[in-house]
Amino acid sequence: MSVPLLKIGVVLSTMAMITNWMSQTLPSLVGLNTTKLTAEQGGYPDRSVGVLPANPEESWQVYSSAQDSEGRCVCTVVAPQQTMCSRDARTKQLRQLLEKVQNMTQSIQVLDQRTQRDLQYVVKMEDQLRGLETKFRQVEENHKQNIAKQYKAIKAKMAELRPLIPVLEEYKADARLVQQFKEEVQNLTSSLSLLQQEMGAYDYDDLHSRVVSLEERLRACMQKLGLCGEKTTTLSDLATHRLNMCHKYTDPSMRVDAGLSNITAKKVMACGKLTGISDAITIKTSGSRFGSWMTDPLAPEGNTRVWYMDGYHNNRFVREYKSMADFMTSDNFTSHRLPHPWSGTGQVVYNGSIYFNKFQSNMIIKFDFKTSTISKSQRLDNSGYSNTYHYAWGGHSDIDLMVDEGGLWAIYATNQNAGNIVISKLHPLTLHIIQSWTTNHPRRSAGESFMICGTLYVTNGYSGGTKVYYAYHTNSSTYEYIDIVLQNKYSHISMLDYNPRDRALYAWNNGHQVLYNVTLFHVIRSEQL
């Protein structure tokens, strides 16, 4: 029991003891019961009264009187009743005290009732206080638990956001770059305004003469490039034979070894920036939903062999068709068995060998078709594999090998780059990394990608409406967002690679082998004329 209740109990016990004592002890203290008769030694009765009554009715009365033999008077008296002492001063005082005691008793009883009522109220308040205290403890415990949960949630969130810090830094750099672009656009706008004013100063005849002059200069350029009098082929011609190469130049970046002199002598298309992609042309419908097919960009003139690989894992058989016509019209092929199953659809045939990613590893293998042996194997350090950093469609597409005018490339992602795309140029003989570039594009957000003239182009998806929307230029280590439509004719692209010899994109679209022609913008400088 709490301290307030103990104090109330002590008060009530004390008041009860006082009332009992006053009701039992006070009459005897004031002499209410002290009237008595005593007898002297001679046998005569004597009267001893505690009070002297003033009223005769309350005094001693003679009942009878006589004289004994010795002549002494013998009287019979009646003693007054003990209650007949109301007029005694002490009796009045006693009554007053008794009245006061009664009043005090009543007051104490009233006080006792109030105390009992207050005691009940205090008991209820104590219960309520205990309940409130319990609730406060529960609230405090819940608050501590909530704080702990919130701290764990914040800690987990911070762990998720920590890899994005370098991305944020890149965004800051991009913001500065955008500001520079904005300033350049403003300068360009002013330059265009001046040009517009200058053009407005010429009349129609002057403008016509300028156009004629430009046409003549363009013809001269075409003659120097070997285009004059020739007609470029289309993808429909490519269905029966390979595209004839019209633009001829030697790429210095391909001189990676003295033994590759035959590679540098190959005739390839002039480099430029991707500006358009034609509609899809279906070459054949075969195989499963996923796969890859390709031709060798460094094959000799007249060699139109087609290499066909169905599936994206747990397969090691490669089909070889002698020509594009055989691939389209027949099933006559030669089967090559690889020493290991491949992973994904990022294989490439380059200068008579196939380069592929070994299944469930980050190992790149170069397999020579002529000798049917592994000529080189090399691990791609820190790269993800086994669906760690795959394309958006999955399929163990962690490592994508590809070829462009500059040589052999590997596209992958690492933990060090927070799962974003890494571009590495590989030596075709040793498979060592010559140079690498880190981008800010998440690997898993990319549908597919391909290299053209040292620029990586990334699609926004693999199904439905598809477009090429991201480009990273390795020559300047910069990127930009573009918008080039890519017709997704069969709604699921699982392979997309560029062939610099054909200037075409090879794609595997939901069990269909298709081709896309590409348009490149090439700036011809005056010193080249």
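Predicted model: local features only at pLDDT ≥ 70, side-chain atom pairs only at ≥ 80, totals over all residues.
Four strands form an open sheet in the order 19-20-21-22, and their pairing is antiparallel. Strand 21 (residues 466-473) joins strand 22 through 7 bridges in the antiparallel sense. Tyr472, for instance, has Tyr479 in strand 22 as its bridge partner.

The interior may be considered next. In soluble globular proteins, nonpolar side chains tend to be buried together. The largest nonpolar core here comprises 21 residues, and Leu274, Ile277, Phe450 and Tyr516 have the most contacts inside it. At least two residues of this core come from each of strand 5 (273-277), strand 19, strand 21, strand 22, strand 23 (493-499), strand 24 (504-509) and strand 25 (512-521). Strand 25 provides the largest share, with 4 residues. Leu274 illustrates the packing: when residues up to four places away in sequence are not counted, Leu274 touches Phe450, Ile452, Tyr457, Ile484, Val518, Thr519 and Leu520. Another core, of 16 residues, lies apart from the largest one and includes Trp409, Ile411, Ile421 and Tyr469.

These elements belong to a protein with 7 helices and 25 strands. Of its 529 residues, 38% count as buried. Among contacts with a separation of 6 or more, 52% are between residues 24 or more positions apart. The protein exposes about 31,100 Å², of which carbon and sulfur atoms supply 53%.

Methods
Residues numbered from 1 in each chain as written. Heavy atoms only, no water. Pairing = 2+ DSSP bridges. Buried < 20%, exposed > 50% of the residue type's maximum accessible area, 1.4 Å probe, protein only. Contact = heavy atoms within 4.5 Å. Areas by Shrake-Rupley, 256 points an atom, 1.4 Å probe, with all protein chains shown as cover. Core = buried A, V, L, I, M, F, W, Y, C linked by side-chain atoms within 4.5 Å.
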